Amino acid sequence: MPIGGAQMLRGGAIGRLLLGLGCVALWLAAAPAARAASLYHIDQRYGTIEFTVSNLGLFTTKGRFTRFTGELQIDPDHPERTHVEVTIDGNSVDMPLKDEVDMLRSPDYFNTARFPTQHFISSSVETVSPSHYIIHGTLQIRGVTSPQDLNADMTERHVDEARHVEWADFVITGRMRRSVFGMVADPNMVSDNVSLDIRIRLTVEVAPKTG
Amino acid sequence: MVGLPFRQLLQKFVLYQLHKTIGITVFLLACTQIILHRRRGRPAWDADLPHWQRRAAASVHAALFALLIITPVLGYLTAATAPIGVPTLFLGVIPVPHIVGTSKFWFGILRRVHLYLAVALVALAAGHALVALNRHREGRRTLVRMWRG
């Protein structure tokens, strides 16, 4: 049973994942078994999705979504075919004030009454380095679909020998313009540019070392 | 500024910043006034003023000074603890650092105390002004002494 992090249904350890995504790992080059694709289920238990806007260029306001689900499919043999899809529950937007939450749910912003969810679907993944990837995809908000690139950095990777678990932390960042999706209200107080900050932890079980 | 609908973001922001600038200015002026008061002493009492009226006046003045200092300080702390996290900008451009972080609990308390003290300050200042005007009309040159010492 997977212990924590995103559940993995099938497939190899994170080491093989990174090989498949371009990391040089000589000992794995000799691995005999066929590397099966790995499917991860992601939700708010394994990470966070936050956004930040600038207000009048004087200060920033942060918010986040507390409910989302997604799937990450990694194909070690064809790393560029790695696929990720995330659906966000728009009504789960979380801000310090209730007035702010109501504003973001309103028709001028996410319009959650009509569009209860937002989607990101990847089309390809580019490997820049063993710990840095660019995810190309599309973002759908308020019924508008627009291309979106995300930068994914693996910030930490750790093998917990005692629990036979290997985990990797990713920080995924991106920038979008809310006007592209028809959110043009309050252009002076709320910046058009929105920074995205997504953190996710992927966990796999590793077989205990024998001998 | 409190009553404005939340969606009028820019208007609310400007009014709150203006309110905070006025508050900081009042605080600085009150500090200056207290320092001057200490150094120059207070104007002399009228010779024919009964003792109980002197004590009452002194109490009101002390209370006014206290409120003039404490109310803006509480206003600053209210702004600092406000969960919305908007910075304080004196004159709209000079950042005033918040020495405490946001706190929903303290914000609720400070906000109310700041409001009550501000109402008390306005009420006391109005009463003080009425009595000073009355005295002046009686021929005591009160306003001149307030201005010139």
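**A close look at A:Phe170**

Modeller: Start with A:Phe170, which touches A:Tyr133, A:Asp153, A:Met154, A:Ile198, A:Arg199, A:Ile200 and A:Leu202, leaving out residues up to four places away in sequence. Contact here means heavy atoms within 4.5 Å. The model is predicted: local features need pLDDT of at least 70, side-chain atom pairs count only at pLDDT 80 or more, and totals for chains, interfaces and linings use all residues. Residues are numbered from 1 along each chain as its sequence is written, chains are lettered from A and ligands numbered from 1 in the order written, and side-chain values use heavy atoms, without hydrogens and water.

Now the surroundings. A:Phe170 is among the residues with the most contacts inside the largest nonpolar core, together with A:Phe51 and A:Val93. That core has 49 residues. A nonpolar core is a set of buried Ala, Val, Leu, Ile, Met, Phe, Trp, Tyr and Cys residues joined through side-chain atoms within 4.5 Å. Buried means under 20% relative accessible area, exposed over 50%, and partly exposed in between (1.4 Å probe, protein chains only). Strand S12 of chain A, residues 193-205, gives the core its largest share, 6 residues. Helices (H or I, at least four residues) and strands (E, at least two) are DSSP runs, numbered from the N terminus.

Next, the chain around it. Chain A holds 3 helices and 12 strands. Of its 211 residues, 46% are buried. Among its contacts between residues at least 6 apart in sequence, 58% join residues at least 24 apart. Strand S2 of chain A, residues 38-43, has 5 of its 6 residues buried, so the rest of the structure largely encloses it. Strands count as paired if DSSP finds at least two bridges between them. In this pair, A:Ser38 stands opposite A:Ile74.

One loop deserves a stop. A:Arg142 sits between strand S9 (132-141) and strand S10 (144-160) of chain A. Its phi is positive, about 55°, although A:Arg142 is not a glycine. A:Arg142 is buried, at 18% relative accessible area. Among its contacts is A:Asn111, which also touches A:Leu104, A:Arg105 and A:Ser106, leaving aside neighbours within four places in sequence. A:Asn111 lies in the loop between helix H3 (98-105) and strand S8 (117-129) of chain A. A:Asn111 is buried too, at 11%.

Now charges. A salt bridge is a side-chain nitrogen of Lys or Arg within 4 Å of a carboxyl oxygen of Asp or Glu. The whole structure has 16 of them over all chains. One pairs A:Asp89 with A:Arg67, closest N and O atoms 2.8 Å apart. A:Asp89 is in strand S6 (residues 83-89) and A:Arg67 in the loop between strand S4 (59-65) and S5, so the bridge ties together parts of chain A 22 residues apart in sequence. A:Asp89 is partly exposed, at 22%. A:Arg67 is partly exposed as well, at 40%.

Then the partner. Chain A and chain B bury about 1200 Å² between them, with 75% from carbon and sulfur atoms. Buried area is the accessible area (1.4 Å probe) that two parts lose on being put together, summed over both. A:Phe59, A:Met103 and A:Met189 supply 36% of what chain A buries there, more than any other three residues. The contact takes 16 residues from chain A and 11 residues from chain B. There are 2 salt bridges between the chains. One of them joins B:Arg7 and A:Asp186, 3.3 Å from N to O.

Last, confidence. pLDDT is the predictor's confidence in each residue, from 0 to 100. Chain A averages 85, and 81% of its residues reach 70 or more. Residues 22-34 of chain A fall below 50, and this stretch has 6 contacts in the model beyond near neighbours in sequence. Chain B averages 93, with 99% of residues scoring at least 70. For the complex, the predictor gives an ipTM of 0.83 and a pTM of 0.82.
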